[in-house]
Amino acid sequence: MYSFVTTISAWAIPAIVVFIPLYAYFRRVPVYETFVEGAKDGFQTSINIIPTLVGMMVAISVFRASGAMDWMVSLFRPLLDMLGVPSEVMPLAFLRPITGAGSLAFTTDLIKTYGSDSLIGRIASTIQGSTDTTLYVLTVYFGAVGIRNGRYALKVGLFSDLVGFVAAIIVCLLVFGFISG
């Protein structure tokens with residue numbers, strides 16, 4: 001089974017790269033011209049979202065440098081200690097919805113410090129896979145297409161991040177035997 005999955009994995013991307021232009025060619029789509037037009041649109045979109053990205057990066061830097069993140073973590077530390085959850089993973093609850101790169105760097109530091117097989121490493125890795133960069137997605141993608149009112153998307157996105165964060169902790173505690181089910 002492992003060799004079958006490995007073979008499919010090795011051939012999936014090359015097959016897609018060959019299939020899409022061939023399919024377009026047989027449907028009489030001007031493949032090269034369509035690609036160039038799409039690349040122009042993509043470049044223009046990249047230029048349009050630069051101010052949004054810069055603003056987001058400044059806000060993240062201010063949030064971390066001001067000590068606001070550390071203060072917020074200290075508020076939750078007593079509750080986490082009471083529940084047996086390592087408070088070292090709490091910054092991910094604040095970083096992950098804002099920045100994928102920042103939360104990945106933080107997770108990498110946790111894994112280097114505590115190890116990938118530690119409870120902290122496992123919870124951090126599971127949080128990375130169970131949550132999304134909600135504020136980044138809303139800022140960049142909604143900004144790129146001109147959506148100004150993302151009120152419900154923000155509520156649903158942040159709620160799903162909270163559920164993912166809590167579920168990641170519970171699942172890790174249950175699966176890795178730190179609490180009994």
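**Questions on the predicted model**

Author: Arg28 is exposed, because its relative accessible area is 75% and the exposed class begins over 50%. The model is a predicted one.

Reader: Where does Arg28 lie, and what is its phi value?

Author: Arg28 is placed in the loop between H1 and H2. Most residues other than glycine have a negative phi. Arg28, by contrast, is a residue other than glycine with a positive value, and its phi is near 65 degrees.

Reader: Is Pro30 buried, exposed or partly exposed?

Author: Pro30 also belongs to a loop, the one between helix H1 (2-26) and helix H2 (31-65). Buried means under 20% relative accessible area and exposed means over 50%. Pro30 stands at 46%, so the class is partly exposed.

Reader: How far apart in space are Pro30 and Thr133?

Author: In sequence, Pro30 and Thr133 are separated by 103 residues. In space, the distance from C-alpha to C-alpha is 36 Å.

Reader: Which secondary structure elements make up the protein chain, and in what order?

Author: The protein chain has zero strands. Its helices number eight. Read from the N terminus, the order is therefore α-α-α-α-α-α-α-α.

Reader: Why is the protein chain described as more spread out than a compact globule?

Author: For 181 residues the globule rule gives 16 Å. The protein chain is well over that figure, and so it is more spread out than a compact globule. Along the principal axes, its C-alpha atoms fill a box of roughly 65 × 45 × 30 Å. The radius of gyration behind this description is 21 Å.

Reader: What share of the residues is buried?

Author: The protein chain exposes about 12200 Å², of which carbon and sulfur atoms supply 69%. Among the 181 residues, those under 20% relative accessible area count as buried. Their share is 27%.

Reader: Is Thr134 buried or exposed, and which residues does it contact?

Author: Thr134 lies in helix H7, which covers residues 134-145. Its relative accessible area is 8%, under the 20% limit, and therefore Thr134 is buried. Leaving aside neighbours within four places in sequence, the residues in contact with Thr134 are Pro97, Gly157, Leu158 and Asp161.

Reader: How far is Val166 from Ile127, C-alpha to C-alpha?

Author: Val166 is part of helix H8 (residues 151-175). With 38% relative accessibility, Val166 counts as partly exposed. Val166 and Ile127 are 39 residues apart in sequence. In space, their C-alpha atoms are separated by 8.6 Å.

Reader: Which residues does UniProt list for "transmembrane region", and what is the helix content of residues 7-26?

Author: The unreviewed UniProt entry lists residues 7-26, 46-67 and 158-179 under that name. In the model, residues 46-67 are 91% helix and 0% strand, with end C-alpha atoms 32 Å apart. For residues 7-26, the end C-alpha atoms are 28 Å apart and the helix content is 100%.

Reader: How far apart are the end C-alpha atoms of residues 47-147?

Author: According to the unreviewed UniProt entry, the annotation "domain: Nucleoside transporter/FeoB GTPase Gate" covers residues 47-147. In the model this span is 79% helix and 0% strand. Its end C-alpha atoms lie at a separation of 17 Å.

Reader: How far apart are the mean positions of the positive and negative charges?

Author: The protein chain carries 11 positive and 10 negative charges. The distance between their mean positions is 7 Å.

Notes:
Residues numbered from 1 in each chain as written. Predicted model: local features only at pLDDT ≥ 70, side-chain atom pairs only at ≥ 80, totals over all residues. Heavy atoms only, no water. Helix = DSSP H or I, 4+ residues; strand = E, 2+ residues; numbered from the N terminus. Rg over C-alpha atoms; globule rule 2.2 N^0.38 Å. Buried < 20%, exposed > 50% of the residue type's maximum accessible area, 1.4 Å probe, protein only. Areas by Shrake-Rupley, 256 points an atom, 1.4 Å probe, with all protein chains shown as cover. Lys, Arg positive; Asp, Glu negative; His and termini not counted. Charge placed at Lys NZ, Arg CZ, Asp CG, Glu CD. UniProt positions renumbered as here; feature names shortened; annotations may be inferred. Contact = heavy atoms within 4.5 Å.
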